[in-house]
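Here's a quick briefing to read alongside the model. Have a look at the structure first, then work through the points below.

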Amino acid sequence: MKIKENLSERLFDVSEEIVIITGVCGQLGNAYAEAFLNSGSQVVGIDMKASTSSANLSESYPDHFIFIEADVTNRASLQESLVSIKDNFGAPSVLINNAAIDSPPNSSNEDNTAYENYPEDSWYKVIDVNLKGVHLCCQIFGGAMAESKRGSIINVASTYGVVSPDQNLYDYRRKRGEIFYKPVAYSASKSGILNLTRYLAVYWAKQNVRVNTLTIAGVFNHQEQEFLDAYCERIPIGRMANTDDYHAAVLFLASNASRYMTGSNLVIDGGWTAI
Ligand SMILES: NC(=O)c1ccc[n+]([C@@H]2O[C@H](COP(=O)([O-])OP(=O)(O)OC[C@H]3O[C@@H](n4cnc5c(N)ncnc54)[C@H](O)[C@@H]3O)[C@@H](O)[C@H]2O)c1
């Protein structure tokens, strides 16, 4: 039988999209940028400072990628970014709020101390980037999408925003005599994303701007073996994610394939939250 049209290509087409990715120099931001660039989108990468990975993208995709140095917690820097995006590519149509800060399993600082002693400064720092930063990007870039009546916003959360971190994962560190707990602010900030998403999905529904959360689980990044063993034993699929495990999800949420979806939380977590 002759196929008249390729339905999946049409549904997932993002070749007309102007995609902003915050935290583009990080592990996942860089991978998302590649995924959209390989699909024909124009991509704007935002981060605090350019990196080798963002320079490589600029070199490989000179007509489709620009890097903008900006701090997501700084309104003025985001407003300047919007001017530059419009000058270079036009009105943005997709925003991936991916930039965030966390204490990775190999960090050893006072942020990982017992909850009772968690520093107030750390709380504000994490909430500032992970929650206020997403809010400001939505206000400025999402506001521009609402004006042009076209857009999809993907707010990146974490399994730790849906369920508590499993502190047993870090037993191996406590057995070594360290004080180590996954800190509270990351979880609180990521669960805040869920209702920021719902609020904006309802608020902008008539402006044709869809807003969804993407909840993801831990990504392999050469973590220490004890952590990998504990994590993989806990996760039903039995492994950490690879960076490309989330490509289909971001393309789905950005494209027409998800046109009837807003205010939702797409969970891709190897079964972590199913237990
Ligand atoms: N990697 C994981 O295991 C994992 C698991 C669950 C959720 N997530 C989420 O996925 C997203 C990406 O994670 P990642 O592992 O790629 O993180 P990463 O640390 O590799 O990258 C984050 C990037 O955000 C940038 N950033 C931080 N503060 C910023 C600011 N104020 N303004 C602009 N940029 C800023 C950093 O410079 C960095 O390049 C985050 O939202 C994270 O919470 C990651």
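Ala, Val, Leu, Ile, Met, Phe, Trp, Tyr, Cys and Pro count as nonpolar, Asp, Glu, Lys and Arg as charged, and the others, Gly among them, as polar. By that scheme, the shell around the ligand has 15 nonpolar, six polar and three charged residues. This is a predicted model, where local features need pLDDT of at least 70, side-chain atom pairs need 80 or more, and totals for chains, interfaces and linings use all residues. Residues are numbered from 1 along each chain as its sequence is written, and side-chain values use heavy atoms, leaving out hydrogens and water.

**Around the ligand**
- Of the 24 residues around the ligand (a heavy atom within 4 Å), Leu28, Asp47, Tyr186, Lys190 and Val219 come nearest.
- β5 (151–158) gives the largest share of this shell, three residues (strands are DSSP E runs of at least two residues, helices H or I runs of at least four, numbered from the N terminus).
- α2 (27–37) and α7 (184–203) are also among the elements that each supply at least two shell residues.

**Backbone contacts**
- A backbone N or O atom of Leu28 sits 2.8 Å from a ligand oxygen, and for Gly26 a polar backbone atom is 3.1 Å from a ligand oxygen.
- Val72 has a backbone N or O atom 2.9 Å from a ligand nitrogen.

**Aromatic rings**
- There are eight aromatic pairs in the structure (Phe, Tyr or six-membered Trp rings with centres within 6.5 Å; planes under 30 degrees apart are stacked, over 60 edge-to-face, the rest tilted).
- The ring centres of Phe12 and Phe252 are 6.4 Å apart with planes at 40°, so this pair is tilted.

Technical notes:
Polar contact = N/O pair within 3.5 Å; in protein donor to acceptor, adjacent residues only side chain to side chain.
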